[in-house]
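Welcome, and please take a moment to look over the model before reading on. The sequence and the structure are shown just below.

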Amino acid sequence: MTTTDPDIPEGFERHFRQSPLTDPWEPLYSKRTDKAVIIGLRLARPHTNARGLIHGGLIAALADNAMGHSCAHVMGGQSSLVTIGIAVDFTGSAQVGQWLAVESDVIKTGSTICFAQSLIKADGVVIARGNATFRVVPKKAA
């Protein structure tokens, strides 16, 4: 079910997975496509650094999250992934009130590794790019 909040772009719903790291950033939203999980949120003061800019650590963590979920999604959800390496290049900045979206592309999947890249956009303008490598690990039994 998609949200009817006019402040949230069409197709996004509350993110399907929470964690202690992301709890303070809620509400997070996501949209699944055939090839990715796009994560988004409306930027607010708790997402800023001491200078009032959106914190780079938030952007990097959301990029890691979106790329990892995208790899798992493309692989059919049968495996878990852990980050081997991640790099984020910042090309701009974002402001409180903007919609931040992390749009990922899965580059290659294999039985032990997955590669992904992402563009991080604030109101549709690219402010960062990321790439990551993930290790495929067996899912723990529930």
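This report covers confidence, the helix, the nonpolar cores and the salt bridges.

The model is predicted, so local features are described only at pLDDT of at least 70 and side-chain atom pairs only at pLDDT 80 or more, while totals for chains, interfaces and linings use all residues. Residues are numbered from 1 along each chain as its sequence is written, and side-chain values use heavy atoms, with hydrogens and water left out.

**Confidence**

The mean pLDDT (the predictor's confidence in each residue, from 0 to 100) is 91 for the protein, and 95% of the residues score at least 70. Confidence is lowest in strand 1 (residues 13-14), with a mean of 90, and highest in strand 6, with 98. Helices (H or I, at least four residues) and strands (E, at least two) are DSSP runs, numbered from the N terminus.

**Helix 1**

Let us turn to the helix. Gly76 follows helix 1 and has a positive phi, near 85°.

Among the buried residues of helix 1 are Leu58, Ile59, Leu62, Met67, His69 and Cys71. Here buried means under 20% relative accessible area, exposed means over 50%, and partly exposed lies in between (1.4 Å probe, protein chains only). The cover over these buried residues includes strand 3 (37-42), strand 4 (79-90), strand 5 (99-109), strand 6 (113-122) and strand 7 (125-138).

Is Ser70 buried or exposed? Ser70, which sits in helix 1, is buried, with a relative accessible area of 0%. Leaving aside residues up to four places away in sequence, Ser70 touches Ala36, Val37, Ser104 and Val106, where a contact means heavy atoms within 4.5 Å. A polar atom of the Ser70 side chain lies 2.9 Å from the backbone nitrogen of Val37.

**Nonpolar cores**

In soluble globular proteins, nonpolar side chains tend to be buried together. A nonpolar core is a set of buried Ala, Val, Leu, Ile, Met, Phe, Trp, Tyr and Cys residues joined through side-chain atoms within 4.5 Å. The largest one has 29 residues, of which Leu62, Leu100, Ile120, Ile127 and Phe134 touch the most other members. Strand 3, helix 1, strand 4, strand 5, strand 6 and strand 7 each supply at least two residues of this core, and the largest share, eight residues, comes from helix 1. Leu62 touches Trp25, Leu28, Ile39, Leu41, Leu100 and Val102, not counting residues up to four places away in sequence. A second, separate core has six residues, including Ile8, Phe12, Tyr29 and Trp99.

**Salt bridges**

How many salt bridges does a search of the whole structure find? The search finds four, each a side-chain nitrogen of Lys or Arg within 4 Å of a carboxyl oxygen of Asp or Glu. The table includes three of these pairs.

| Pair | N to O distance |
|---|---|
| Arg14 and Glu26 | 3.1 Å |
| Asp89 and Arg129 | 2.9 Å |
| Lys121 and Glu103 | 3.0 Å |

Arg14 lies in strand 1 and Glu26 in the loop between strand 1 and strand 2 (29-32), so this pair ties together parts 12 residues apart in sequence. Arg14 is partly exposed at 47% relative accessible area, and Glu26 is partly exposed at 23%.

Terms used:
Polar contact = N/O pair within 3.5 Å; in protein donor to acceptor, adjacent residues only side chain to side chain.
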